[in-house]
Amino acid sequence: SKEFESRQTKEQIALMRRQMALQVKVSDIIGLNLNETISLLTQRALLADADNVRKEFKISDKKFWWLKVRALAQTRNWLNWKKFAKSKKSPIGYSPFVMACIENNNKAEAIRYIERVSKEEQVEFYIDLNMPEKAA
């Protein structure tokens with residue numbers, strides 16, 4: 001519908017404006033979509049900026065947590081990762097934390113979160129971590 005297209009266009013323009021303002025800090029931000037923008041800001045440790053973008057574009061807590069968990073793990077910024085994990089109860093559970101650690105080869109960090117997931121998931125994660133004795 002025209003209303004949807006109009007809203008999408010307005011959001012895209014607002015995102016471009018925000019990216020232009022952030023370009024001083026992050027030169028390669030122009031033209032990214034909203035998810036990529038939040039991920040890049042998180043990867044560059046511009047966490048307050050990522051949070052401001054989340055608020056401005058009304059990104060849900062769940063979506064924001066997914067993006068941030070993955071972005072912090074991909075950059076292996078485990079200090080900010082731990083701060084984020086402890087900031088409040090995760091609205092997405094702790095499976096994404098374990099998965100991101102496994103994907104980014106941080107077995108020790110993955111083990112810290114395994115106890116916070118269901119028994120079924122624990123078995124799968126221990127197998128993924130090559131720890132079959134724990135899966136039994």
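Ring pairs join Trp 65, Trp 78, Trp 81, Phe 84, Tyr 94, Phe 97 and Tyr 113 into a cluster. Please keep in mind that this is a predicted model.

- Trp 65 and Phe 84 form a tilted aromatic pair, with 4.1 Å from centre to centre and 40° between the planes.
- Trp 65 belongs to helix α4 (residues 61–74) and Phe 84 to helix α5 (residues 78–87), so this pair ties together parts that are 19 residues apart in sequence.
- Trp 65 and Phe 84 are both buried.

**The pair of Trp 81 and Tyr 113**
- The ring centres of Trp 81 and Tyr 113 are 6.2 Å apart and the planes stand at 85°; because planes over 60 degrees apart count as edge-to-face, this pair is edge-to-face.
- Distant parts of the chain are linked here, as Trp 81 lies in helix α5 and Tyr 113 in helix α7 (residues 107–114), 32 residues apart.
- Trp 81 and Tyr 113 are both buried as well.

**Charges over rings**
- Tyr 94, one of the cluster members, has the charged end of Arg 116 sitting over its ring, 4.7 Å from the ring centre.
- Over the ring of Phe 64 sits the charged end of Arg 54, 5.0 Å from the centre of that ring.

Methods. Residues numbered from 1 in each chain as written. Predicted model: local features only at pLDDT ≥ 70, side-chain atom pairs only at ≥ 80, totals over all residues. Heavy atoms only, no water. Phe/Tyr/Trp six-rings, centres within 6.5 Å; stacked < 30°, edge-to-face > 60°. Helix = DSSP H or I, 4+ residues; strand = E, 2+ residues; numbered from the N terminus. Buried < 20%, exposed > 50% of the residue type's maximum accessible area, 1.4 Å probe, protein only. Lys NZ or Arg CZ within 6 Å of the ring centre and 35° of its normal.
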